[in-house]
Amino acid sequence: MDVLVIGAGMVGAACAYHCAAAGLRVTVLDRGGVATGTTSGGEGNILVSDKEPGPELDLALLSVRRWRILGERIGADRLELEHKGGVVVARSAPALAGLADLTGRQRACGVDAVDVTAGDLPALEPNLTRDVTGGAHYPQDMQVQPMLAAAALLRAARDLGATVHTGTEVRGFLFGRDGAVTGVRAGSGDRAAGWVVNAAGTWGGEVADLAGAPLPVLPRKGFVLVTEPLPRVIRHKVYTADYVAGVASDDAGLETSVVVEGTRAGTVLIGASRERVGFDRRMSLPVIRELAAQAIGLFPFLADVTLLRTYLGFRPYCPDHLPVIGPDPRVPGLVHACGHEGAGIGLSAATGHLIAQTLTGATPDLDLAPFRPERFAA
Ligand SMILES: Cc1cc2nc3c(=O)[nH]c(=O)nc-3n(C[C@H](O)[C@H](O)[C@H](O)COP(=O)(O)OP(=O)(O)OC[C@H]3O[C@@H](n4cnc5c(N)ncnc54)[C@H](O)[C@@H]3O)c2cc1C
């Protein structure tokens, strides 16, 4: 086996597909099922709009291009990939000034960000509150159904010869005399591999510990609300300008900044909260109420809509908000693809592509230095 991928979430699936498509022999192991980790606990936005200029935006721009290619190769329908675009709304003069500053800096990096006036917004979103000062339109933002997309990429990887084993927990690593990883202890036996990819998401730190190469990946909890199915009343992914600050915040306490989007099934997804409270799975009515109130503030008609359910997930959070991507110089043979926090669905396509380039000796399309695993030691 050339490559053994730990984790059958969105990131592991993207790594498996891109490595198999590059001609590598791939095995995927997951202790649960396909997409049973955070991939089933979030939304499916593929965003450039919420990224400040820097390495994460570069990764997001590459990912948008790679998702377009995946849509063509695998079929947009099979991924529920929609090129729907994003709309960011400012509700005060200072928020609008901050948004205009951000769009200007993003445009300089290649983002298609269009400033729009309050008068332009109803044409983009007819049901949006009129209590707005302006906004921005991001045509490059997209959306997938994450669980379908992970399953579709794994199926495509299998069609290229990869094998996928669910219900198989990795409990340790195998090492050669030179200290390099030669495989894993998993399920009922040992499995040899030239490279082991840690795509264990929020559990990426635990897996890295098993290899003796610590990584500070922590859970950042978030709730999502799901409405009853509706006709197409929300056309884009819509959120307020405060959202970007909320995503970038280092505060462990509760933070909510609402994101509203329609899905192909007709349900409207309302996200998302952020708090670092470990793996606490308890429901919180105050958080649900706050998100619902913020969503009604943006789309007043939602006040008369019924919620079907809520769910939660744990984003894989690294202290500098950047994922860990690439070979670990501390343990040869170990490669990381984890810690994507609230953007792992969107960033998975570029991550899988970059991992496949690295493992086949090609020059990666993007400099991996900002994502290097050993950066936390310093
Ligand atoms: C509320 C919320 C909203 C979100 N919204 C978005 C969004 O709109 N857009 C976006 O891009 N991202 C979003 N995210 C983030 C996104 O969901 C995650 O970044 C992404 O799912 C991470 O995928 P992953 O494959 O790395 O991890 P996971 O999906 O968690 O997969 C890791 C897998 O590793 C397996 N595993 C762990 N340990 C072992 C082991 N020892 N042996 C074998 N298997 C193991 C687990 O079982 C799991 O299946 C959101 C997250 C939340 C919580």
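Trainee: Where does Glu80 lie?
Mentor: Glu80 is in the loop between H2 and strand S4 (86–90). Helices (H or I, at least four residues) and strands (E, at least two) are DSSP runs, numbered from the N terminus. Bear in mind that this is a predicted model, where local features need pLDDT of at least 70, side-chain atom pairs count only at pLDDT 80 or more, and totals for chains, interfaces and linings use all residues. Residues are numbered from 1 along each chain as its sequence is written, and side-chain values use heavy atoms, with hydrogens and water left out.

Trainee: What about the phi of Glu80?
Mentor: Phi of Glu80 is positive, about 50 degrees, although Glu80 is not a glycine. Glu80 counts as partly exposed, at 21% relative accessibility. The cut-offs are under 20% relative accessible area for buried, over 50% for exposed, and partly exposed in between (1.4 Å probe, protein chains only).

Trainee: And Ala35, what is its phi near?
Mentor: Near 60 degrees, a positive value in a residue other than glycine. Ala35 sits in the loop between strand S2 (26–29) and strand S3 (45–46).

Trainee: Is Ala35 buried or exposed?
Mentor: Buried, with a relative accessible area of 5%.

Trainee: Back to H2 for a moment. At what angle do helix H2 and helix H9 pack?
Mentor: Helix H2 (residues 55–79) and helix H9 (residues 344–359) pack at about 85 degrees, and their axes are 7 Å apart. Axes here are lines fitted to C-alpha atoms, for helices over the stretch in contact, and angles run from 0 to 180 degrees between N-to-C directions. So H2 is roughly perpendicular to H9. For the labels, under 35 degrees is roughly parallel, over 145 roughly antiparallel, 65 to 115 roughly perpendicular and the rest oblique.

Trainee: Which residues make the contact?
Mentor: On H2 they include Leu59, Arg66 and Trp67, and on H9 they include Ile345, His353 and Leu354. Contact means heavy atoms within 4.5 Å. By class, the contact of H2 with H9 has 10 nonpolar, 4 polar and 2 charged residues. In that scheme Ala, Val, Leu, Ile, Met, Phe, Trp, Tyr, Cys and Pro are nonpolar, Asp, Glu, Lys and Arg are charged, and the others, Gly among them, are polar.

Trainee: New topic: how many disulfides does the structure hold?
Mentor: It holds 0 disulfides, a disulfide being a pair of cysteine sulfur atoms within 2.5 Å. For Cys19, the nearest cysteine sulfur is that of Cys15, 6.2 Å away. Cys19 counts as buried, at 0% relative accessibility.

Trainee: How many bridges join S10 to S11?
Mentor: 4 bridges, with S10 covering residues 181–186. Val184 has Arg191 in S11 as its bridge partner.

Trainee: Last one: which peptide bond is cis?
Mentor: The bond from Gly271 to Ala272 is cis, with omega near -20 degrees. Ala272 is in strand S16 (residues 268–274).

Key. Pairing = 2+ DSSP bridges.
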